[in-house]
Amino acid sequence: MTTDNPFFAASDLPYQLPPFDRIATGHYLPAFERGMAEQRAEVEAIASLPEPPTFDNTLVALERSGRVLQRVSAAFFNVTSSDTSPELQEIESRVVPLLSAHGDAIMLDRRLFGRVEQLYAQRDALALDAESAWLLERYHTEFVRAGARLSEEEHVRLRELNAELAALATEFGNKVRDGMKAAAVVVEDAADLAGLSADAIAAAEVAARDRGLSGGYALNLILPTAQPALASLHNRAVRERLHTASVGRGCAGDDHDTTGLVLRIVRLRAERARLLGFEHHAAYNIADNTARSVGAVQEMLAKLAPAAVANARIEAEDLQEAIGDAFTLQPWDWAYYTEQIRRDRYAIDEAELRPYFELERVLHDGVFHAAGRLYGIRFEERPDLPAYHDDARVFEVFDRDGGPLGLFIGDFFTRPSKRGGAWANALVPQSRLFGTAPVVVNNLNINRAPEGEPTLLTLDEVRTLFHEFGHALHTLFSQVHFPKFAGTRVPRDFVEYPSQVNEVWMLWPEVLANYATHHRTGEPLPSSVVERLQAAEQFNKGFATTEYLAATLLDLAWHTLTVEEAAAVTDVLAFEAAALERAGVAVPFVPPRYRTAYFAHIFSGAAYSAGYYSYIWSEVLDADTVDWLTEQGGLRRELGDAFRDGLLAKGGSADSMEVYRAFRGRDPLIEPLLKRRGLISVP
Ligand SMILES: [Zn+2]
């Protein structure tokens with residue numbers, strides 16, 4: 001396992017695709033160990049150089065360091081998300097604290113920071129090109145934010161905090177994933193599932209077998225609170241069970257209870273923020289995003305929340321009217337009666353739509369087709385190239401000039417070894433420094449159809465496919481020098497912007513006409529349905545906005561706690577209820593999109609902590625850009641090229657808002673977002 005470890009050398013496959021057919025579980029740990037040791041030696045060489053610092057001998061050298069570690073990390077965290085195993089989880093819980101300590105060893109090295117600071121002080125005299133100047137700016141900021149200026153004693157505590165937080169995040173993620181599996185609702189009789197489509201019932205039967213049950217049906221949960229089956233299950237008692245199982249995750253006092261972890265995480269984050277000179281974790285995190293301050297985020301949310309809640313209450317009245325006097329609307333009734341109203345008002349029936357959304361059609365004739373029309377790119381499946389799982393499919397992407405651009409890997413199906421949700425990640429980041437082209441993965445959790453049947457998607461799944469592909473395009477079109485800036489390596493509250501823009505094509509008439517054909521008859525989706533789908537875009541937006549804002553405000557409530565405040569919280573559920581109340585988003589029939597105990601975005605890994613606001617923050621830019629696309633005529637190569645070259649290609653190689661202003665010619669406006677979500681007419 002030491003001499004022939006595939007991570008020790010660059011892959012010789014096209015685009016340096018990791019050679020998954022040669023990677024065994026036993027390769028990861030030795031590769032992490034060697035990778036960290038190698039980067040420590042490289043960093044030591046930079047830090048102890050007798051020559052004064054130059055841009056090349058310090059910053060470029062840092063960018064060049066740690067290749068083995070990057071290779072193994074990209075492949076490893078891809079499989080631990082999308083095809084994990086007890087062995088991989090074991091390695092992950094060993095490696096994550098080591099990586100945290102490794103990162104600290106670099107970022108808290110005083111000699112190294114001394115060199116960066118010296119360069120930073122001379123920055124105006126260095127005559128750097130724009131991307132290089134930004135690299136210096138970013139390294140300097142990142143060192144300071146990591147605590148490079150703190151005392152030796154403070155460094156000791158910081159290292160402890162980072163290590164423990166890293167371990168807690170992994171533990172939280174594992175518990176949420178296992179708890180989600182455990183919370184599946186099992187029914188004995190198919191009659192209890194009346195209302196679900198035949199293939200959904202078949203999928204529930206398969207799910208029960210997957211759980212080792214000899215009979216019955218299992219409704220697996222998805223990560224967010226709202227469970228898709230609630231829209232169609234006729235049996236109200238089963239709906240209640242499903243909803244109760246969903247919102248009860250993580251707080252039942254059993255093996256999957258995460259509330260103790262939550263309290264520990266928020267306390268340690270508050271302590272770390274104080275150590276780093278910030279009032280709380282949110283202030284620390286948001287300072288390095290385009291929003292800059294918690295106040296700016298809160299100001300924006302305050303503009304949206306009252307209108308969203310007012311709209312949700314109007315929607316609730318409609319639902320109660322549909323229910324009549326029989327009973328009072330409960331959260332498990334929302335989706336079911338919403339579907340009825342959607343059917344009545346727009347004559348749209350989710351179940352009748354699905355035959356028009358067959359996975360292969362949506363992918364090739366929808367997602368790829370739109371990208372082809374806009375950007376002139378082309379896709380060719382490469383079954384000869386190995387991926388990490390049989391379901392993961394490799395496509396080669398050809399550029400507008402016909403030349404090679406990168407690889408796209410689509411891994412669409414759900415499986416017990418995959419975490420919930422949908423995401424994109426780069427296996428190889430584009431960079432001119434290394435001469436690498438991008439390799440990007442999209443992961444979804446679509447239920448596989450029974451053997452021999454086509455996989456039919458819901459409208460939401462179609463949207464997710466377009467969304468994640470937007471991240472893939474951001475990664476594929478990257479044209480940067482330094483790997484630090486490749487593709488989606490932009491501030492967190494900017495990263496959802498390109499992916500959300502890409503969602504616009506799903507209902508764009510020319511795109512829809514190209515992919516939405518009945519999988520059996522080949523009939524196109526009737527144009528009257530298309531019109532109604534477009535008209536229904538604002539439908540139920542009060543609910544959608546409120547459940548999202550509730551989760552966002554919950555995230556901010558946990559992360560604006562000071563050290564003393566965090567220490568005083570002992571009851572997670574009571575804190576959650578009070579926080580929602582205070583923020584004006586405590587609507588009984590609209591629970592948050594994620595409740596605290598399974599809010600993996602913010603507690604499993606730090607990526608979205610104090611950052612769940614990013615989606616709506618990015619949506620301001622998205623809606624503003626979609627306005628421009630619409631005004632300019634939509635699906636045109638000139639527009640695609642302008643968006644690609646002016647925005648997507650830049651990755652994180654400059655200040656993101658400056659990139660936006662240069663592309664759009666002005667600051668973003670919030671009005672298109674308000675209009676899109678139906679929030680403008682509400683006082
Ligand atoms: Zn996204």
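## Zinc site

Along the sequence, the residues that donate to the zinc ion follow the spacing H-x3-H-x24-E. In this predicted model, the protein donors are His467 and His471, each through NE2, together with Glu496 through OE, and they lie 2.1 Å from the zinc ion. Distant parts of the chain are linked here: His467 belongs to helix α16 (residues 459-476) and Glu496 to helix α17 (residues 492-502), the two being 29 residues apart. His467 and Glu496 are both buried.

## Aromatic pairs

A pair of aromatic rings is described by two quantities, the distance of the centres and the angle of the planes. The structure contains 42 aromatic pairs. One of them joins Phe76 and Phe77 in an edge-to-face arrangement, with 5.1 Å from centre to centre and 80° between the planes. The two partners are assigned to separate accessibility classes: Phe76 counts as buried because its relative accessibility is 0%, whereas Phe77, at 26%, counts as partly exposed.

The pair of Tyr548 and Tyr612 is tilted, because the ring planes stand at 40° while the centres are 5.2 Å apart; an angle under 30 degrees would count as stacked and one over 60 as edge-to-face. Tyr548 lies in helix α20 (residues 541-559) and Tyr612 in the loop between α23 (600-603) and α24 (614-631), so this pair ties together parts of the chain that are 64 residues apart in sequence. Tyr548 and Tyr612 are buried. Elsewhere, ring pairs connect Phe494, Tyr497, Trp628, Phe643, Tyr660 and Phe663 into a cluster.

## Charges over rings

Two arginine side chains are placed over aromatic rings. The charged end of Arg67 sits over the ring of Phe434, at 3.4 Å from the ring centre. Arg249 lies over the face of Tyr598, with a distance of 4.1 Å to the centre of that ring.

## Nonpolar cores

The largest nonpolar core comprises 169 residues, and the members with the most contacts inside it are Phe357, Trp505, Tyr515 and Trp558. Helix α12 (residues 294-323) gives the most to this core, contributing 13 residues. When neighbours within four places in sequence are left aside, the contacts of Phe357 include Val362, Thr455, Leu456, Leu457, Thr458, Leu459 and Val462. Leu512, Tyr515 and Ala516 are also among the contacts of Phe357. A second, separate core has 32 residues, among them Tyr15, Val68, Val72 and Ala387.

Ala516, one of the contacts of Phe357, is located in the loop between α18 (509-515) and α19 (527-535). With a relative accessibility of 1%, Ala516 counts as buried. Not counting residues up to four places away in sequence, Ala516 touches Tyr356, Phe357, Glu523, Pro524 and Leu525. The C-alpha atom of Ala516 is separated by 39 Å from that of Asp12, a residue 504 positions away along the chain.

## A buried asparagine

Asn442 is placed in strand β7 (residues 439-446). Its relative accessibility is 2%, so Asn442 counts as buried. The side chain of Asn442 reaches the backbone nitrogen of Phe469 at a distance of 3.2 Å.

Apart from neighbours within four places in sequence, Asn442 is in contact with Phe408, Ile409, Gly410 and Asp411, among others. The list of contacts also includes Trp423, Ala424, Glu468, Phe469 and Ala472.

## Positive phi angles

Most residues other than glycine have a negative phi. Ala127 has a positive phi, near 55°, in a residue other than glycine. Ala127 is found in the loop between α5 (110-121) and α6 (130-146), and it counts as exposed because its relative accessibility is 74%.

Asn540 likewise is not a glycine and has a positive phi, of about 65°. The position of Asn540 is in the loop between α19 and α20.

Notes
Residues numbered from 1 in each chain as written. Predicted model: local features only at pLDDT ≥ 70, side-chain atom pairs only at ≥ 80, totals over all residues. Heavy atoms only, no water. Donors = N, O, S within 2.8 Å, 3.2 Å for Na, K, Ca; no water. Helix = DSSP H or I, 4+ residues; strand = E, 2+ residues; numbered from the N terminus. Buried < 20%, exposed > 50% of the residue type's maximum accessible area, 1.4 Å probe, protein only. Phe/Tyr/Trp six-rings, centres within 6.5 Å; stacked < 30°, edge-to-face > 60°. Lys NZ or Arg CZ within 6 Å of the ring centre and 35° of its normal. Core = buried A, V, L, I, M, F, W, Y, C linked by side-chain atoms within 4.5 Å. Contact = heavy atoms within 4.5 Å. Polar contact = N/O pair within 3.5 Å; in protein donor to acceptor, adjacent residues only side chain to side chain.
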